[in-house]
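Dear colleague,

I am handing over the structure we spoke about, and I would be glad if you looked through it before reading my notes.

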Amino acid sequence: MTTLPDRPNTALLVIDVQKGVVAGAPRRDEVIANIDTLVDAARVQDVPVIWVQHSDDGLERGSADWEYVEELVRLDTEPLVHKNYGDSFEGTELESLLAERGVGRVVVTGAQTDVCIRSTLHGAFVRGYDVTLVGDAHTTEDLSEYGAPAPEQVMAHTNLYWSFQSAPGRSAGTVDTAKVTFEAADAG
């Protein structure tokens, strides 16, 4: 259903599950366990798993906080995309990696819900991808002291509004880990 011609495949995106990013995040262990389940399922089904790793002035490349959490292990054959912006497509090779693999649908997991997850969801969708958010496989930090809603509300709202996204020739949706499929024509 994607608007990208000749790209029938699906990829799993694992975004910014880094020590400093998810330290203290709500449901951290549950989210990481769900992502690990999806990574295992993708590997069994020969679905590309693409890892994304953020760095900026507050998250210095090479620092302990910048490292991925120990619970998730990337295989050497799985691409690692380094980024400096919220949208995983901006200033990175993500689009070319997906094109090489014939990917027209992405399944999105990771952190931070209200920054890099939302930016990547929208970035993929406007670029023509079908985009599935895994509702129980993303989390965010508590930014309520700056006026943001509580993290659980941020996650719930993102799950809700992504369930109702639509655009010509593209599909979007939110599903939980147990309902994820990697068939390109599926919304799940």
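Predicted model: local features only at pLDDT ≥ 70, side-chain atom pairs only at ≥ 80, totals over all residues.

Residues are numbered from 1 along each chain as its sequence is written, and side-chain values use heavy atoms, with hydrogens and water left out.

Helix α5, which covers residues 151-162 (helices are DSSP runs of H or I with at least four residues, strands runs of E with at least two, both numbered from the N terminus), reaches 16 Å from its first C-alpha to its last, close to the 16 Å expected (1.5 Å times one less than its number of residues). Among its buried residues are Val154, Met155 and Trp162, where buried means under 20% relative accessible area with a 1.4 Å probe, counting protein chains only. The buried residues of α5 pack against α4 (113-126), β5 (130-139) and β6 (172-175), contact meaning heavy atoms within 4.5 Å.

Alanine 42 lies in helix α2, residues 28-44, and is buried, with a relative accessible area of 0%. Leaving aside residues up to four places away in sequence, alanine 42 touches Leu12, Val47, Val49 and Phe182. Alanine 42 and serine 163 are 121 residues apart in sequence, and their C-alpha atoms are 22 Å apart in space.

With kind regards

Methods. Buried < 20%, exposed > 50% of the residue type's maximum accessible area, 1.4 Å probe, protein only.
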